[in-house]
Amino acid sequence: QVQLVESGGGFVQAGGSLRLSCAGSGIIFRTNVVGWYRQAPGKGRELVATISSGGGTTATDSVKGRFTISRDNNNVFLQMNSLKPEDTAVYYCNVPLGRNWYFPWGQGTQVTVSS
């Protein structure tokens, strides 16, 4: 199995920045797409950004221009700038090997943005 450990969350004011880290290892982690997801209270989990093994990226419209995803062999990062209160959520990472299939979710890391 793939163990994924999220870190880097915290409490920040609107306009501030945070850098999240997703620590993983092994061939599965290195050779597949890794995504950052978030879930706000009372809301479903949503995809925030992805990065492929070759470095290609996607991001949802609400974070484009503010969030940047990157990776090395053992980590996937999410640099979050110009944070807004609506970014408040628990952030998770995962490796989607199949359509609507994910490894077990970790604990995530809490991001709270105050106005």
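1. Contact here means heavy atoms within 4.5 Å. Leaving aside neighbours within four places in sequence, Met-80 is in contact with Gly-16, Ser-17, Leu-18, Leu-20, Arg-66, Phe-67, Tyr-91 and Val-111.

2. On the source: this is a predicted model, in which local features need pLDDT of at least 70 and side-chain atom pairs count only at pLDDT 80 or more, while totals for chains, interfaces and linings use all residues. Residues are numbered from 1 along each chain as its sequence is written, and side-chain values use heavy atoms, with hydrogens and water left out.

3. The disulfide count, taking a pair of cysteine sulfur atoms within 2.5 Å, comes to one. Cys-22 and Cys-93 form this disulfide, with their sulfur atoms 2.0 Å apart. The torsion about the S-S bond is about 75°, so the disulfide is right-handed. The pair links distant parts of the chain, Cys-22 being in strand β3 (residues 18–23) and Cys-93 in strand β9 (residues 89–94), 71 residues apart. Strands (E, at least two residues) and helices (H or I, at least four) are DSSP runs, numbered from the N terminus.

4. How accessible are the two cysteines, Cys-22 and Cys-93? Buried means under 20% relative accessible area, exposed over 50%, and partly exposed in between (1.4 Å probe, protein chains only). Cys-22 has 0% relative accessibility and therefore counts as buried; Cys-93, at 1%, counts as buried too.

5. A search of the whole structure finds four salt bridges, each a side-chain nitrogen of Lys or Arg within 4 Å of a carboxyl oxygen of Asp or Glu. In one of them Arg-38 pairs with Asp-87, the closest N and O atoms being 3.0 Å apart. Arg-38 lies in strand β4 (residues 34–39) and Asp-87 in the loop between β8 (75–80) and β9, so this pair ties together parts that are 49 residues apart in sequence. Both Arg-38 and Asp-87 are buried.

6. Asp-87 also meets Arg-66 in a salt bridge (2.8 Å, N to O). Arg-66 is in the loop between β6 (57–59) and β7 (67–71), so the pair ties together parts that are 21 residues apart in sequence. At 10% relative accessibility, Arg-66 counts as buried. Arg-38, Glu-46, Arg-66 and Asp-87 are linked in a network of salt bridges.

7. Lys-64 forms a salt bridge with Asp-61, again with the closest N and O atoms 3.0 Å apart. Are these residues buried or exposed? Lys-64 and Asp-61 are both exposed.

8. Strand β4 is mostly covered, with five of its six residues buried. Strands count as paired if DSSP finds at least two bridges between them. Five bridges join β4 to strand β5 (residues 46–51), and the two run antiparallel. Five bridges also join β4 to β9, again antiparallel. Gly-35 stands opposite Thr-50 in β5, and its bridge partner in β9 is Asn-94. The hairpin of β4 and β5 has six residues between the strands, and Gly-42 there takes a positive phi near 75°.

9. A nonpolar core is a set of buried Ala, Val, Leu, Ile, Met, Phe, Trp, Tyr and Cys residues joined through side-chain atoms within 4.5 Å. The largest has 26 residues, and those with the most contacts inside it are Trp-36, Val-48, Phe-67, Val-76, Leu-78, Met-80 and Tyr-91. Two or more residues of this core come from each of β3, β4, β5, β7, β8, β9 and β10 (109–114).
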